[in-house]
Amino acid sequence: MIEHLYTQYGVILRGLGDRGHFKVPYWGELLVRHGMVLGSPEVCSALMQAGQHILVFPGGAREVMRRKGEAYKLIWKQRTGFARLAIEHGYDIIPFGVVGPDESYRILFDANDMTRPGWRQGLLERSGLMKYTRGGDFLPPAVLGLGPTLIPRPQRYYFGFGPRIPTEAAKGRQDDKDTVWALREQVAAAVESQIERLKQYREQDRPAPGVRSGAGWRRFNNDKQEERAMTDQTPDVVSRHVTFGNRRIFVSEAGEGYPVVMLHGGGPGASGLSNYGRNIGPLSAHFRVIVPDMLGYGQSTKGVNRRDPFGDLADAMLALLDALKIEKAHFIGNSLGGACALRLGLDRPSRVSALVLMGPAASAPPAPCPPPG
């Protein structure tokens, strides 16, 4: 998410960390090297005065050190500092939710187990760890990941961003407890709404039975009726799903004129807009630009025919052309997208007027291996 915001929009997020992180040897230094700063009111105010973009987890360390049964729950207690500072500095708040991380590990025992009356609690108190971990709030759970290891279990991660919550109208009322609490509750409700929507989207996004599909990052763009993807250079890109059979292709369009279909590569988390977001603007001034998410990527249906993946991808693009009532188009393909475009040109040359290929993979139909000897 952080990389996408930087590469696509030039936004650098400054993360605020609970002061407990910076007391842990080596761990605190690692966080500082990666740009995290102390999440104190003074530091946050300084960042806001400098106009920085700030990443805030209002629950702090307690929300990170989750316990059994707390998956996807907000653990903010009575904290309102982020809301008070946002009002004071006139900072808008963009709520976001994430689904996926809470399934990466299984909690074996947590702070509730460690602080329950008994020998464990006594050990924490005698060693001073009870005070150091703030009564267990900063006590990490014991977890298992993949098998008996601490390697995270493979999961798809989904990120959702809600509508901007302005604070300008409340500026000057940062000391009014009711105003601050109302903003805090509005943000909490927006975050919880994002999490629920992402859970629902994840259910729709699961691979069909028998279809293998690896884990990866997934971004969820949340508009109300027609999904609309925006880039910094092309504010008129319109996105939607096109359905054919039991499959759906997520496609973004901009401009008018002769159709140009841009097919992205196959890197982790790849999608049409992430590959070509900065190219759509210039091309849409002259062409009807069509940027789909390939099958298995982005918001399109997951899973392809593993016996003939390039043929399956080419057939899907042909179905997309039919659905959009396009007889012929130019194709631009990068890597996997180049292989798909090349295969479509070989199978249906009457539908392809030009090819621009960047490092296409081999796209010939699979053939049996030669017999021994």
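Colleague: Which residues does Thr-115 touch, not counting residues up to four places away in sequence?
Modeller: This is a predicted model, and in it Thr-115 belongs to helix 6, which covers residues 111–115. Its side chain reaches the backbone oxygen of Ala-111 at 2.7 Å. Leaving aside residues up to four places away in sequence, Thr-115 touches Gln-121, Leu-124, Met-130, Gly-135 and Gly-136.

Colleague: How do helix 5 and helix 9 stand to each other, roughly parallel or roughly perpendicular?
Modeller: Helix 5 spans residues 81–89 and helix 9 spans residues 177–205, and the two pack with their axes 8 Å apart at an angle of about 110°. An angle from 65 to 115 degrees counts as roughly perpendicular, and therefore the arrangement of helix 5 relative to helix 9 is roughly perpendicular.

Colleague: How many nonpolar, polar and charged residues are there in the contact of helix 5 with helix 9?
Modeller: The crossing of these two helices, helix 5 and helix 9, is right-handed. Helix 5 contributes Phe-82, Ala-83, Arg-84 and Ile-87 to the contact, while helix 9 contributes Thr-179, Val-180, Leu-183, Arg-184 and Val-187. Sorted by kind, the residues of this contact are six nonpolar, one polar and two charged.

Colleague: Which residues of helix 12 and helix 13 make the contact between them?
Modeller: The axes of helix 12 (residues 309–323) and helix 13 (residues 336–347) come within 8 Å and cross at roughly 75°, and the two helices are therefore roughly perpendicular to each other. On the side of helix 13 the contact is made by Leu-336, Ala-339, Cys-340, Arg-343 and Leu-344, and on the side of helix 12 by Phe-310, Gly-311, Leu-313, Ala-314, Met-317 and Leu-318.

Colleague: Which are the edge strands of the open sheet of six strands?
Modeller: This sheet has mixed pairing and the order 9-10-12-11-13-14. Its twist averages 25° from one strand to the next. The strands that pair on one side only are strand 9 and strand 14 (352–358).

Colleague: Which residue takes a positive phi in the hairpin of strand 9 and strand 10?
Modeller: Strand 9 (residues 238–244) and strand 10 (residues 247–254) run antiparallel and are joined by seven bridges. Along this pairing, Arg-240 stands opposite Val-251, and Thr-243 has Arg-248 as its bridge partner. The hairpin has two residues between the strands, and the residue with a positive phi near 60° is Gly-245.

Definitions and conventions:
Residues are numbered from 1 along each chain as its sequence is written. This is a predicted model: local features need pLDDT of at least 70, side-chain atom pairs count only at pLDDT 80 or more; totals for chains, interfaces and linings use all residues. Side-chain values use heavy atoms; hydrogens and water are left out. Axes are lines fitted to C-alpha atoms, for helices over the stretch in contact, and angles run from 0 to 180 degrees between N-to-C directions. Helices (H or I, at least four residues) and strands (E, at least two) are DSSP runs, numbered from the N terminus. Angles under 35 degrees count as roughly parallel, over 145 as roughly antiparallel, 65 to 115 as roughly perpendicular and the rest as oblique. A crossing is left-handed if the near helix is turned anticlockwise from the far one by less than a right angle, and right-handed if clockwise. Contact means heavy atoms within 4.5 Å. Ala, Val, Leu, Ile, Met, Phe, Trp, Tyr, Cys and Pro count as nonpolar, Asp, Glu, Lys and Arg as charged, and the others, Gly among them, as polar. A polar contact is a pair of N or O atoms within 3.5 Å; within protein, one must be able to donate a hydrogen and the other to accept it, and residues adjacent in sequence count only if both atoms are side-chain atoms. Two strands pair if DSSP finds at least two bridges between them.
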